[in-house]
Amino acid sequence: MKLYGVPGWGSAISEAMLTLADIPYQFVNVDGFDQPGPQRELLKKLNPLCQVPTLELENGQIMTETAAIALMVLDRCPDLAPPVGKAERQQFQRLLIWFVANVYPTFTFADYPERWAPTAPGELPKNCIEYRKSLYLWFDSQLKAAPFALGEQLTLLDVYIAVARTWGPRHDWFAANTPNITAIADSVCALPELHKVLKANEII
Ligand SMILES: N[C@@H](CCC(=O)N[C@@H](CS)C(=O)NCC(=O)O)C(=O)O
């Protein structure tokens, strides 16, 4: 399969998931896709939202959305989520979707304010980042950090935490305000099986 992405961006989440599941993929770097140009034209043909990650499966089918990619990975590697019947599984499902439904859109709006507020883009990033901080405080309260988000088992939710810790409001804010996110991200960053992919994405 081919994963279209940019080192350090959302594609890093899917890269780490595929790596944990031992699913081989080819990385296609589309750096610059968020500006007009050939990378954007290429990505737009595959994903009308023109976002990364965009994944082209072995059969040519396109998968987008990190949460959908996570569910596909779990079909192939169920051990990366708590087992059916355990209470942790519902928390996994809730937090996975909660993160992409609530936290991820704050980047969509804050990173490209001129799209959404063309006449007054100034306030949007600041307000989105403050809102994102409030989301992270609640998210942190839901996590166990022992040593992973749901306890002893490493799950695909942990991957989001390790990658997102490198994004705004950035490392120092997380260290000062969200001890569980920080501890979980540290645990993920120490996993030898993720060393290469996290390094390539400048997460470690
Ligand atoms: N809901 C999507 C969000 C993906 C996303 O927002 N990716 C960012 C990069 S981290 C992006 O491509 N932004 C460019 C844009 O929205 O135009 C997911 O979970 O995969």
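**Exercise 1. The interface between the domains**

How many salt bridges does the rule find across the interface of domain 1 and domain 2? Characterise this interface in the predicted model.

*Solution.* 

Step 1. The domain assignment of the chain gives domain 1 as residues 2-78 and domain 2 as residues 81-200. Their centres, taken over C-alpha atoms, are 18 Å apart.

Step 2. Apply the salt-bridge criterion, a side-chain nitrogen of Lys or Arg within 4 Å of a carboxyl oxygen of Asp or Glu. Across this interface the rule finds 0 salt bridges. It does find 5 residue pairs in polar contact, with both residues at pLDDT 80 or more.

Step 3. Consider the contacts and the buried area. In domain 1, 22 residues are in contact with 18 residues of domain 2. The two domains bury about 1,700 Å² between them, and 72% of this lies on carbon and sulfur atoms.

**Exercise 2. The largest nonpolar core**

*Solution.* 

Step 1. Identify the central members. The core has 60 residues, of which L55, V73, Y136 and F139 touch the most other members.

Step 2. Assign the core to helices. Those supplying at least two residues each include α1 (11-20), α3 (66-76), α4 (87-111) and α6 (123-141). The largest share, 9 residues, comes from α4.

Step 3. Examine one central member. Beyond its neighbours within four places in sequence, F139 is in contact with L95, W98, F99, L157, I161 and I181.

Step 4. A second, separate core has 8 residues, including Y4, V6, V30 and C50.

**Exercise 3. The buried residues of α3**

Which residues of α3 are buried, and what covers them?

*Solution.* 

Step 1. Apply the cut-off: buried means under 20% relative accessible area. The buried residues of α3 are T66, A67, I69, A70, M72, V73 and L74.

Step 2. Find the cover. The elements covering these residues include α1, β3 (54-56), β4 (62-64), α4 and α7.

Note on methods:
Residues are numbered from 1 along each chain as its sequence is written. This is a predicted model: local features need pLDDT of at least 70, side-chain atom pairs count only at pLDDT 80 or more; totals for chains, interfaces and linings use all residues. Side-chain values use heavy atoms; hydrogens and water are left out. A nonpolar core is a set of buried Ala, Val, Leu, Ile, Met, Phe, Trp, Tyr and Cys residues joined through side-chain atoms within 4.5 Å. Buried means under 20% relative accessible area, exposed over 50%, partly exposed in between (1.4 Å probe, protein chains only). Helices (H or I, at least four residues) and strands (E, at least two) are DSSP runs, numbered from the N terminus. Contact means heavy atoms within 4.5 Å. Domain bounds come from an automatic or database domain assignment. Buried area is the accessible area (1.4 Å probe) that two parts lose on being put together, summed over both. A polar contact is a pair of N or O atoms within 3.5 Å; within protein, one must be able to donate a hydrogen and the other to accept it, and residues adjacent in sequence count only if both atoms are side-chain atoms.
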